[in-house]
Amino acid sequence: MVFFCFLVDQKRKVSNSKPAAGICSRCGGGASVADMKTATRFCYVPFYWKSWRAILCTFCGSILKSYR
Ligand SMILES: [Zn+2]
């Protein structure tokens with residue numbers, strides 16, 4: 001039996017974060033600078049990792065600014 005899988009998704013992970021100056025425009029929560037990792041997965045197997053840095057809201061988790 002052949003199993004076809006065409007599922008591609010992305011998983012985002014915060015690997016390191018520090019408090020930063022700034023306020024979330026959505027909820028008014030505190031901001032933090034985070035080192036992010038995005039894994040692109042095919043059939044749940046990561047085949048591509050991308051590291052990037054972003055300023056996140058610590059309360060609601062929205063991305064306020066991203067650096068690439
Ligand atoms: Zn927020």
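Modeller: Glad to go through this predicted model with you. One definition to begin: two strands pair if DSSP finds at least two bridges between them.

Colleague: Thanks! Which residue in β3 does M36 stand opposite?

Modeller: Start with the strands, β2 and β3, which run antiparallel and are joined by 12 bridges. The hairpin they form has two residues between the strands, and C43 takes a positive phi near 55° there. Across from M36, the residue in β3 is W52.

Colleague: Nice. What arrangement do the four donor atoms make around the zinc ion?

Modeller: The ion is held at 2.3 Å by the SG atoms of C24, C27, C57 and C60. Along the chain these donors follow the spacing C-x2-C-x29-C-x2-C. Because the angles they subtend run from 104 to 115°, the arrangement is tetrahedral.

Colleague: Is C57 buried or exposed?

Modeller: C57 sits in strand β3, 30 residues from C27 in the loop between β1 and β2. C27 is partly exposed, at a relative accessible area of 37%. For C57 the value is 4%, under the 20% limit, so C57 is buried.

Colleague: Last one: how much accessible area does the nonpolar surface patch have together?

Modeller: Its members are F6, V8, F42, F47 and Y48. Y48 lies in strand β3 and is partly exposed, at 46% relative accessibility. Together the five residues of the patch, F6, V8, F42, F47 and Y48, have about 590 Å².

Key. Residues are numbered from 1 along each chain as its sequence is written. This is a predicted model: local features need pLDDT of at least 70, side-chain atom pairs count only at pLDDT 80 or more; totals for chains, interfaces and linings use all residues. Side-chain values use heavy atoms; hydrogens and water are left out. Donors are N, O and S atoms within 2.8 Å of the metal (3.2 Å for Na, K and Ca); water is not among the atoms, so sites may look incomplete. Four donors count as tetrahedral if all angles lie between 85 and 135 degrees; four count as square planar and six as octahedral if opposite donors are over 155 degrees apart and all others between 65 and 115; anything else is irregular. Helices (H or I, at least four residues) and strands (E, at least two) are DSSP runs, numbered from the N terminus. Buried means under 20% relative accessible area, exposed over 50%, partly exposed in between (1.4 Å probe, protein chains only). Patches are made of residues with over 30% relative accessible area and no salt bridge: like charges are joined within 9 Å, nonpolar side chains (Val, Leu, Ile, Met, Phe, Trp, Tyr) within 5 Å. Accessible areas come from the Shrake-Rupley method with a 1.4 Å probe; for residues, only the protein chains shown count as cover. A salt bridge is a side-chain nitrogen of Lys or Arg within 4 Å of a carboxyl oxygen of Asp or Glu.
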